[in-house]
Amino acid sequence: MSSSDTEMEVKSEAVPDETTISVKDEELELDPEDSVKKEETGTAADNEVKADPVKKDTGKVDLAGDDEFTGGLGVFKEALKQFAANPDEDVTVYHLTEKCKKVSCYVGIDEAGRGPVLGPMVYSIFACVADEESINEKKKKGQSLSKIEDCPPVLLDKLSKLNDSKQLTEKVREEIFQKFSDLDYIAFGLKIISPSQIANKSYRRQKYSLNEVSHNAAIELIQGFADRGIKIERVYVDTVGPMDKYQKKLELTFPDLRFKVDKKADSKYKPVSAASVCAKVTRDVALKKWKFPDAENIDLGLAKGWGSGYPGDPVTKRFLRKNIDPVFGFPNIVRNSWSTASDLLEKCAVKIKWESDEQDEVAAPKISKFFGKKSVGDENGDESVPEMSRRKSQFYSYRDLYQTTSIF
Amino acid sequence: MSQRKYVDNTESSSSEENGSSKPVSKEVSVHHVPFKVEYEGQANVEAKFSSNSVPAPSDSKVLINQFRGRPLQGQKFDLPESYEGLVALDLKGSSQLADETSKDTEISLVNRFETMTYWNWDRVPSGMDKHVKLLDWMELSKILHEPAED
């Protein structure tokens with residue numbers, strides 16, 4: 001398989017499927033003139049008209065609860081509902097507002113749940129309308145635009161507590177996320193990447209790394225915003241892998257957009273902080289609300305759960321140890337490709353030998369073999385050279401093609 | 001090779017409700033997988049594997065599944081006419097069913113099947129797969145070995 005094959009398959013996954021489209025219909029658009037009046041934009045928008053049950057009364061919302069919501073929270077809930085219905089597939093949703101289509105926005109991208117062995121990884125894109133007033137003020141003081149954009153002024157700056165999601169408590173994150181939901185000058189997109197998809201991708205014939213999964217999720221979300229008419233001024237991205245390469249990749253994919261890929265972007269740029277909060281809240285609720293198809297057979301122990309999903313969490317450790325089917329391995333909440341998981345399978349489940357593993361057992365010769373003088377002892381080493389010429393290119397072996405000189 | 005004695009357990013006790021004496025055969029789903037499981041015995045195939053198969057979005061004839069995180073792509077196929085799939089249990093050295101069967105019985109037939117699903121690891125099923133080639137060969141070999149009409 002050539003690398004372009006891999007690219008193609010990746011793209012085909014990025015095409016919104018029916019479920020994504022149904023959510024797109026429900027995208028809430030706020031009338032810029034009157035933020036209270038809500039506009040119906042799609043066929044499925046009926047429930048958007050319903051009054052928000054909790055918001056006005058208490059200001060407190062149970063994000064993991066079953067209540068129905070409107071606005072950003074409605075989109076968030078819909079994403080989780082779809083994901084719960086089929087946790088083996090990725091889900092992508094967008095929450096848009098009119099202002100973000102008319103006025104220039106600074107956009108941030110961040111992820112949550114990259115390290116844990118349990119549950120999905122969530123990618124979030126977040127757009128916020130630029131604070132023109134503040135930009136003009138700074139310009140008057142003689143600051144250059146590039147200097148101003150080192151700390152992009154967005155209307156969001158007025159939201160005080162906002163910071164890198166890891167430095168906030170769960171409660172604060174949820175509060176902030178709820179506030180986002182009602183703002184008419186922000187937009188966001190969420191991509192929930194299923195743990196089975198994460199494992200599947202790293203166990204493909206042509207290995208597809210987690211970095212590529214991340215990059216492609218970011219690209220899909222940017223494309224999603226562009227397709228939906230969000231006015232993107234500049235995109236800030238927390239780096240995954242080498243910074244320069246990632247920046248180049250994004251610039252090549254979107255020649256019309258400006259990017260800033262940076263380390264610790266989630267604490268330096270407000271839109272990235274906001275994206276990180278959205279991603280983290282979604283990841284936490286998705287993990288907490290995980291539904292097992294055969295829940296009665298899952299051993300949750302005294303903790304009645306599976307913990308944070310981090311390999312060091314004792315609750316997660318126990319969950320992993322107690323829920324191994326000797327043949328089929330872990331339930332689908334587990335990222336089988338994580339070494340924590342695969343090491344446990346090696347130890348506690350029956351041994352599996354893959355056909356293709358056997359094929360690939362012929363090791364390639366050391367590269368140093370081709371350099372330098374042959375030592376005297378190697379005189380008869382010529383015999384070992386055909387060893388490597390026997391090793392076929394994967395292109396042939398995957399297609400079952402053999403070289404023949406005669407038919408019989 | 002001499003014929004080995006066998007006992008046929010594939011027919012469940014005839015359904016008494018409708019009074020018919022026609023045996024009901026126990027159809028099972030049989031999977032051919034691209035890996036060896038170093039284990040013999042019962043496994044929860046239905047709940048942990050068969051029920052997770054979904055048709056591929058691009059081609060509904062292709063099935064998608066996974067095993068321990070590895071992506072599998074498969075296809076269901078019917079056995080050729082005049083062939084029958086049998087699941088057999090080797091009784092030699094096993095105490096199972098010993099009391100019901102005579103001592104010299106060596107094989108117990110436990111299930112019959114007419115369709116099978118084969119799985120490739122991350123490769124779209126195609127005419128190049130061994131299973132498809134086997135079906136081709138079965139047809140060819142029949143023609144080759146049939147007594148020539150004269």
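1. Asp238(A) and its surroundings. The model discussed here is a predicted one. Leaving out residues up to four places away in sequence, Asp238(A) touches Ile109(A), Asp110(A), Tyr246(A), Asp262(A), Lys263(A), Lys264(A), Ala265(A), Asp266(A) and Val272(A). The residue belongs to strand S7 of chain A, which covers residues 232-238. Asp238(A) is buried because its relative accessibility, 16%, falls under the 20% limit.

2. Asp110(A), a contact partner of Asp238(A). Asp110(A) is part of strand S4 of chain A, residues 105-112. With a relative accessible area of 5%, under the 20% limit, Asp110(A) is therefore classed as buried. Apart from neighbours within four places in sequence, the contacts of Asp110(A) are Val122(A), Tyr123(A), Ser124(A), Asp238(A), Asp266(A), Val272(A), Ala275(A), Ser276(A) and Ala279(A).

3. The annotated site. In an unreviewed entry, UniProt places the feature "binding site" at Asp110(A), Glu111(A) and Asp238(A). These positions are spread over 129 residues of sequence, yet they cluster in space, with a largest C-alpha distance of 8.3 Å. The annotation comes from the UniProt record and may be inferred rather than shown by experiment.

4. Ile230(A). This residue lies in the loop of chain A between helix H10 (210-227) and S7; S7 is the strand that also holds Asp238(A). Is Ile230(A) buried or exposed? It is buried, because its relative accessible area of 6% is under 20%. Once residues up to four places away in sequence are set aside, Ile230(A) touches Leu96(A), Cys100(A), Lys101(A), Ala127(A), Ala187(A) and Phe225(A).

5. Chain A as a whole. Chain A contains 18 helices and 9 strands. Of its 408 residues, 50% count as buried. Where contacts join residues at least 6 apart in the sequence of chain A, 69% of them link residues at least 24 apart.

6. Cysteines. How many disulfides does the structure hold over all chains? The number is 0. Two cysteines of chain A may be considered individually. Cys151(A) has a relative accessibility of 48%, which lies between the 20% and 50% limits, so it counts as partly exposed. Cys348(A), at 46%, is partly exposed because its value lies between those limits as well.

7. Chain B as a whole. Chain B has 2 helices and 11 strands. Read from the N terminus, its elements follow the order β-β-β-β-β-α-β-β-β-β-β-β-α. Buried residues account for 29% of the 150 residues of chain B. Of the contacts in chain B between residues at least 6 apart in sequence, 60% join residues at least 24 apart.

8. The second largest pocket. This pocket has a volume of about 1200 Å³. It is lined by 24 residues, of which His31(B), Gly41(B), Ala43(B), Val45(B) and Val87(B) are the closest to its centre. Four strands of chain B each supply at least two lining residues: S4 (30-32), S5 (35-37), S9 (85-90) and S10 (107-113). Which classes of residue make up the lining? There are 16 nonpolar, 7 polar and 1 charged residues.

9. Backbone points to check in chain B. Ser82(B) has a phi near 70°, a positive value in a residue other than glycine. Ser82(B) is located in the loop between strand S8 (70-78) and S9. At 70% relative accessibility, Ser82(B) is exposed because the value is over 50%. Asp122(B), likewise not a glycine, has a positive phi of about 45°. Its place is the loop between strand S11 (115-121) and helix H2 (130-145). Asp122(B) counts as buried, because its relative accessibility of 10% is under 20%.

Conventions. Residues are numbered from 1 along each chain as its sequence is written. Chains are lettered from A and ligands numbered from 1 in the order in which they are written. This is a predicted model: local features need pLDDT of at least 70, side-chain atom pairs count only at pLDDT 80 or more; totals for chains, interfaces and linings use all residues. Side-chain values use heavy atoms; hydrogens and water are left out. A disulfide is a pair of cysteine sulfur atoms within 2.5 Å. Buried means under 20% relative accessible area, exposed over 50%, partly exposed in between (1.4 Å probe, protein chains only). On a 1 Å grid over the protein atoms alone, a cavity is a set of points where a 1.4 Å probe fits but cannot get out, and a pocket is an open set with protein on both sides within 12 Å along at least five of seven lines; lining residues have an atom within 4 Å of a point. Grid points are joined across faces, edges and corners, and a volume is the space filled by probe spheres set on the points. Ala, Val, Leu, Ile, Met, Phe, Trp, Tyr, Cys and Pro count as nonpolar, Asp, Glu, Lys and Arg as charged, and the others, Gly among them, as polar. Contact means heavy atoms within 4.5 Å.
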